[in-house]
Amino acid sequence: MAGADGDDSLYPIAVLIDELRNEDVQLRLNSIKKLSTIALALGVERTRTELLPFLTDTIYDEDEVLLALAEQLGNFTMLVGGPEYVHCLLPPLESLATVEETVVRDKAVESLRKISHEHSPVDLEVHFEPLVKRLASGDWFTSRTSACGLFSVCYPRVSSTVKAEIRQHFRNLCSDDTPMVRRAAASKLGEFAKVLELEYVKSDIISLFTALASDEQDSVRLLAVEACVSIATLLPQEDLETLVMPTLRQAAEDKSWRVRYMVADKFSELQKAVGPEITKNDLVPAFQNLLKDCEAEVRAAAANKVKEFCENLPEDSRETIIMTHILPCVKELVSDTNQHVKSALASVIMGLSTILGKDNTIEHLLPLFLAQLKDECPEVRLNIISNLDCVNEVIGIRQLSQSLLPAIVELAEDAKWRVRLAIIEYMPLLAGQLGVEFFDEKLNSLCMAWLVDHVYAIREAATCNLTKLVEKFGAEWAQNTIVPKVLGMANDPNYLHRMTTLFCINALSEACGQEITTKHMLPVVLKMSNDQVANVRFNVAKSLQKIGPVLDSNCLQAEVKPVLEKLAADQDIDVKYFAQEAVSVLALA
Amino acid sequence: MAKLVDQHDHHYCTADVISAVEFSQSGEFLATGDKGGRVVIFQREPQGEYNVYSTFQSHEPEFDYLKSLEIEEKINKIRWLPQLNSAHFLLTTNDKTIKLWKVSERDKRPEGYNLKDEEGRMKDISKITSLQVSPVLRPMDLLVEASLRRVFANAHAYHINSISINSDCETYLSADDLRINLWNLDITDRSFNIVDLKPENMEELSEVITVSEFHPHHCHLLAFSSSTGTTRLCDMRSRALCDQHAKLFEEAVDPANRSFFSEIVSSVSDVKFSHSGRYLLTRDYLSAKVWDLNMENKPVETYQVHDYLRSKLCTLYESDCIFDKFECAWNGTDSVIMTGAYNNFFRMFDRASRRDVTLEASREVCKRRAVLRPRRVCVGRKKRDSDISVDSLDFRKKILHTAWHPTDNIIAIAASNNLYIFQDRHSHHAGHHLEQDRPPQLQDAPAQ
């Protein structure tokens, strides 16, 4: 590898190796991240016999170093000599899978799962499966939780005797003393069920599922709900009623709100997994109960699912179910006491109109939309406004515009700037839906008022909004409605407003095109180069740089260049800097 | 140690005053926190003695520039996590910030460098002829490292009075005067508010939370006590916000006994679930009460800790002593309870026999390996020489913090800057005959 005189190429590697145990965490981290370089230099044999044992022995490091190491080792197969030797990576990863830091363990498990596929069936039984067993029967819960994530990757590829052992280990972990291990097992139950033969799903998994779903700790029970989705998908329809539904019904009425929340949160998945018949008979009443739950968190989670649930109802009875069972609950939620519930509902309720069609929407949903548009909580109103397009397709927006306008105006003037910011973001959408006429008449003045808002973020968003409006309504519209107002602000006594003119010009010049820019905007910008505030002057330089490409070269030479040269000699250092920058970018020197 | 004791005899500094004492789940370790923000961990030797294992600075004094408030470094509470692996974890808190510490051992270090020789001198680069990976791990002196793993900050507007780890081993609570927050041990940037007593208008404030604790087995149950003498049990299953309690433990006060001090002395200073999870032990200024979780209207047992002070409340109010917060503890089998008092006395009550004993933790009476003699406080004339009159009690010497080993009859008593560890000589004498296991110890910073 090296000659007697020493080898220069070894030096950088020697540094990296030494830094693996440097006192400084950052250096160790850097070195670990280049572990593949070290391994390449050492060659596959020394990597296996020296580097990996060293790494295994020194696992007491900072989390971030261990995390990087766990990740690296997942991609190390070729560096230890290919699939034939991949099992050499197991010892360090096994240690990493037992450390107390969750992120490190999870990463180690991820890498172990990855390299498990690179094991030959024989190696899997000789090396990998024993590791899973050791982890599964480890003294500390950390190793047992890690084992939970490894069963499903080795199960499909081992002999039936070993399979039986694996099932037994999984059963043990499902009834582990510590809730952490039971939680880990519960969260992997669905995944494990997927790789099991159907007979064992019915015999083993169902009993584990039932046990975990009635665990004394609600943190375990709620994870069983997630497994319910996968298990239900695996079983034939005729078995669902006896094997899954009793547990699911129990979960939907669990004493703990967190479990019911989980049911609400997974409702669409559950609905798909159990199929239309059970949905009609069981899930509809369950969903009604969740929408009326005493805990607001549960109602909000269920409200979020209203549209999806309705969409996925069997077509033949969809309308009847919605009208007789769901809509009455939805009506109550519109006047819920909790604003999160109302705002969750407002974010999906408009979607019901496409499902129910024009007549039902006008008769039943419109009053709800209108009520929510008048809600005291701005978030509810915003959520309605942000989904206007769904309604527009079905009944046209005119039905709503009477109530819409006051709602928009109120939000536009809300005392909280984040609310104002949110409504600005919906302006282009609203403009598209309402049409130019309505916009000019009612909303244009709002858009202009935002330009002089006292919060910079609002002025900035308002500027950006103008660009989008011009893209929508065209340059001619801009010239007649926006540009005069924007340019008028150039004479405002407040320098912040004068700068807004410049920002608007930056944003609009491209959308407005060469003619408007040259004729109307450029003169104003050039005139502002005499502004007494330096911030305005250097923004003139920046504006000129920005709009330069839109202008023709005559204009650049004749009008822009002299002004920039003047600014480049300004007494303010920033003005000079930006003027010089503009000169060079526009190639006017 | 004995020398240190003499040196610092009467003028210890405030930073050394112990403010928290807590045994680990196994009892192998004992942690103390002090007003100087330090944590000292003791490990039980095979012979039974506890020796210093690790000392570290957990909290530093800080200044909140937004509110112009000084934040003391004093450790308010320490709680051990159930053991996860060979390392040990504990939560410590001052008024505002909770920290998770890992205490671990290291006894070997890697050696053999490419660029340095055995003595640590840099090698000549041209002499590097091969790469040395060197899994050479040389043994070294046992090094106990305490490393800060998480900081849970900025969640409390008021002073944190308690922390408690949930039996799900995933979450813990922290309580301040008005709110209780729920944290995930892995997540530092958010917590959930589960109890909020803050009224819309602070002038309507009628009670503050004094202490809060999770049930030892049921992960959804927590108890919190208030300055009005009530203890509430909350079920986290029923609602996300536990403002509505499941049970309220409160004893009706005879209106005839009402006085100016009634409310102050009824304020609950500590709450501990029994190991069985069936009972709640509460401590107020004058008494300790055991409540059955199934009976809310009165305690099943009431123990007078120092009823003779009832006539002295006025003096105690003037010296602010009446606001002292005494802690209480159960023994491993829930058959005896223990709590502190004044004059370096602490009291133990045997629940079955109803016998009680007063013992003293002070340097004068505690000789190494000596058996502690019971003390008596008499109200009138002295009956025995060893009796002490109420009027001669020293109210500056108080035992606020006590802890009982989770299984054995070993107790730890903090008396100002001293920590006393007593051990039962005959295990069948439940906590009555105690001998001092080690000399009084000072919680001084190790010499640097």
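Modeller: Below, we take aromatic rings, then charges over rings, then helices. This is a predicted model: local features need pLDDT of at least 70, side-chain atom pairs count only at pLDDT 80 or more, and totals for chains, interfaces and linings use all residues. Residues are numbered from 1 along each chain as its sequence is written, chains are lettered from A and ligands numbered from 1 in the order written, and side-chain values use heavy atoms, without hydrogens and water.

Biologist: How many aromatic pairs over all chains?

Modeller: The search finds 35. Rings of Phe, Tyr and Trp (its six-membered ring) pair if their centres lie within 6.5 Å; planes under 30 degrees apart are stacked, over 60 edge-to-face, the rest tilted. One of them, B:Phe260 with B:Tyr317, is edge-to-face, at 5.5 Å centre to centre and 85 degrees between the planes.

Biologist: How many residues apart are B:Phe260 and B:Tyr317?

Modeller: They are 57 residues apart. B:Phe260 is in the loop between strand S18 (247-249) and helix H2 (262-266) of chain B, and B:Tyr317 is in helix H3 (residues 313-318) of chain B. Helices (H or I, at least four residues) and strands (E, at least two) are DSSP runs, numbered from the N terminus.

Biologist: Which residues form one aromatic cluster?

Modeller: A:Phe151, A:Tyr155, A:Phe170 and A:Phe192.

Biologist: Switching topic. What lies over the face of A:Tyr85?

Modeller: A:Arg48, at 3.6 Å from the ring centre. The cut-offs are NZ of Lys or CZ of Arg within 6 Å of the ring centre and within 35 degrees of the ring normal. In chain B, the charged end of B:Arg351 sits over the ring of B:Tyr279, 4.6 Å from its centre.

Biologist: And at what angle do H17(A) and H20(A) cross?

Modeller: Roughly 15 degrees, with axes coming within 9 Å. Axes are lines fitted to C-alpha atoms, for helices over the stretch in contact (heavy atoms within 4.5 Å), and angles run from 0 to 180 degrees between N-to-C directions. H17(A) and H20(A) are therefore roughly parallel (under 35 degrees).

Note on methods: Parallel < 35°, antiparallel > 145°, perpendicular 65-115°, else oblique.
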